[in-house]
Amino acid sequence: MLSYQVVLNTPFMTYDQYSQFSGMPKRTIMDWVKDGRLPIKKKDKPKDTPLINMVALVEMATRETMENLG
């Protein structure tokens, strides 16, 4: 169990929002999504705006942290 709580302001972010939040260039974000390093919400329609799944990112980070801590 982690000794802190992560608070999310929103469960999903657009690429522009995530770029502002993380400081990463939008092109890098797009590349990371394509590589599978950033999870996106499943789109209902092909033209829907892709949204980065922040809840999945926190879950991934928590699992990685727990593995590293033993």
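Colleague: Which conventions apply here?

Modeller: The model is predicted: local features need pLDDT of at least 70, side-chain atom pairs count only at pLDDT 80 or more, and totals for chains, interfaces and linings use all residues. Residues are numbered from 1 along each chain as its sequence is written, and side-chain values use heavy atoms, with hydrogens and water left out.

Colleague: Is Ser19 buried or exposed?

Modeller: Buried means under 20% relative accessible area, exposed over 50%, and partly exposed in between (1.4 Å probe, protein chains only). Ser19 counts as buried because its relative accessibility is 19%.

Colleague: What does Ser19 touch, not counting residues up to four places away in sequence?

Modeller: Contact means heavy atoms within 4.5 Å. On that basis Ser19 touches Met24, Pro25, Lys26 and Ile29, with residues up to four places away in sequence not counted.

Colleague: How many residues make up the largest nonpolar core?

Modeller: A nonpolar core is a set of buried Ala, Val, Leu, Ile, Met, Phe, Trp, Tyr and Cys residues joined through side-chain atoms within 4.5 Å. The largest has 10 residues, among them Tyr18, Met24, Ile29 and Leu57. Leu57 touches Tyr18, Arg37, Leu38, Pro39 and Ile52, not counting residues up to four places away in sequence.

Colleague: How do the residues lining the largest pocket divide?

Modeller: Ala, Val, Leu, Ile, Met, Phe, Trp, Tyr, Cys and Pro count as nonpolar, Asp, Glu, Lys and Arg as charged, and the others, Gly among them, as polar. The lining comprises 10 nonpolar residues, two polar and one charged.
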